[in-house]
Amino acid sequence: MKEQKQNNVRLLGIELSPLELRSGRWVLHEWQIDNLWPAPDPEPEEGRQELSKDGNPLTWLPLELHRDERSAYRFNLNSVVPHIFVLCDDTEDGEWLPMQITACQDLAASWLDGEQKVLEYPMPEALQCWIEAFITEHGELIEVKKKKRYAGDKADKRTDNREKPAASEKTGDPL
């Protein structure tokens with residue numbers, strides 16, 4: 001069971017850097033993902049925070065793949081530029097702290113719908129290959145949607161079983 005979990009999880013370091021946006025006299029302080037780092041051996045503790053070589057905050061978070069999100073992974077991989085999405089939270093001193101990471105666009109969209117802070121970063125090719133292998137191993141998730149039934153559908157089925165009226169009965173012609 002532990003082997004399967006290791007196939008579904010990769011520990012990544014997320015390096016954030018501050019970004020100052022100016023528009024006239026207005027200044028907005030934002031954060032951006034500077035880099036994603038694969039975990040070294042031995043792996044650091046999940047959620048551990050440290051400083052990168054550049055002095056930027058670096059947080060270690062697991063990227064976990066779920067079988068029920070395969071169609072969202074495929075959609076992401078088929079996009080022009082696949083992305084990794086990082087959910088962040090504000091600290092008291094105004095820094096952003098990465099809380100969760102995903103490759104699922106549906107989950108990232110739900111974070112954004114909840115007005116959460118979400119950063120995106122172009123997905124490295126190594127992660128694209130890993131996600132592709134995950135989808136290949138578990139198969140494509142084909143979402144089957146049931147056909148909608150309308151009230152008229154039931155009435156049509158009832159009349160199909162009865163004898164159909166002759167053409168003269170439909171028009172009211174005596175012939």
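So, helices and strands: this protein has six helices and seven strands. Those come from DSSP runs, where a helix is H or I over at least four residues, a strand is E over at least two, and the numbering starts at the N terminus. If you read along the sequence, you get the pattern α-β-β-β-β-α-β-β-α-β-α-α-α.

Quick note before we go on. This is a predicted model, so local features need pLDDT of at least 70 and side-chain atom pairs count only at pLDDT 80 or more, while totals for chains, interfaces and linings use all residues. Residues are numbered from 1 along each chain as its sequence is written, and side-chain values use heavy atoms, with hydrogens and water left out.

Okay, the overall picture. Buried residues make up 30% of the 175 residues. Buried means under 20% relative accessible area, exposed means over 50%, and partly exposed is in between, using a 1.4 Å probe and protein chains only. The protein exposes about 12,800 Å², and carbon and sulfur atoms supply 50% of that. Those areas come from the Shrake-Rupley method with a 1.4 Å probe, and for residues only the protein chains shown count as cover. Then contacts, meaning heavy atoms within 4.5 Å: among those between residues at least 6 apart in sequence, 60% join residues at least 24 apart.

Let's go to strand β1, residues 9-23, and find Ser-17 there. Is Ser-17 buried or exposed? Ser-17 is buried, because its relative accessible area is 6%. Its side chain makes a polar contact of 3.3 Å with the side chain of Asp-34. A polar contact is a pair of N or O atoms within 3.5 Å; within protein, one has to be able to donate a hydrogen and the other to accept it, and residues adjacent in sequence count only if both atoms are side-chain atoms. Not counting residues up to four places away in sequence, Ser-17 touches Glu-30, Trp-31, Gln-32, Asp-34 and Asn-56.

Now step along to Pro-18, also in strand β1. Pro-18 has a relative accessible area of 53%, so it counts as exposed. Leaving aside neighbours within four places, Pro-18 is in contact with Glu-30, Trp-31 and Asn-56.

One more stop in β1: Leu-21. At 39% relative accessibility, Leu-21 is partly exposed. Together with Leu-19 and Leu-28, Leu-21 forms a nonpolar patch on the surface, with about 230 Å² of accessible area between the three. What covers them?

Tyr-73 and Phe-134 make an edge-to-face pair, 6.3 Å centre to centre with 75° between the planes. Tyr-73 sits in helix α2 (residues 70-78) and Phe-134 in helix α4 (residues 125-138), 61 residues apart. The rule is that rings of Phe, Tyr and Trp (its six-membered ring) pair if their centres lie within 6.5 Å; planes under 30 degrees apart are stacked, over 60 edge-to-face, and the rest tilted. Tyr-73 is buried at 1% relative accessible area, and Phe-134 is buried at 3%.

On to salt bridges, where the count comes to two. A salt bridge is a side-chain nitrogen of Lys or Arg within 4 Å of a carboxyl oxygen of Asp or Glu. Arg-74 forms one with Glu-132, the closest N and O atoms being 2.8 Å apart. Arg-74 is in helix α2 and Glu-132 in helix α4, so this pair ties together parts that are 58 residues apart in sequence. Arg-74 is buried at 17%, whereas Glu-132 is partly exposed at 31%.

The other salt bridge joins Asp-90 and Lys-117, with the closest N and O atoms 3.1 Å apart. Asp-90 is in strand β5 and Lys-117 in strand β7, 27 residues apart. Asp-90 is partly exposed at 37%, and Lys-117 is partly exposed at 30%.

Last one: Glu-115, in the loop between α3 (105-113) and β7 (117-122). Most residues other than glycine have a negative phi. Glu-115 isn't a glycine, yet has a positive phi of about 60°. Glu-115 is also exposed, with a relative accessible area of 74%.

Conventions
Patches are made of residues with over 30% relative accessible area and no salt bridge: like charges are joined within 9 Å, nonpolar side chains (Val, Leu, Ile, Met, Phe, Trp, Tyr) within 5 Å.
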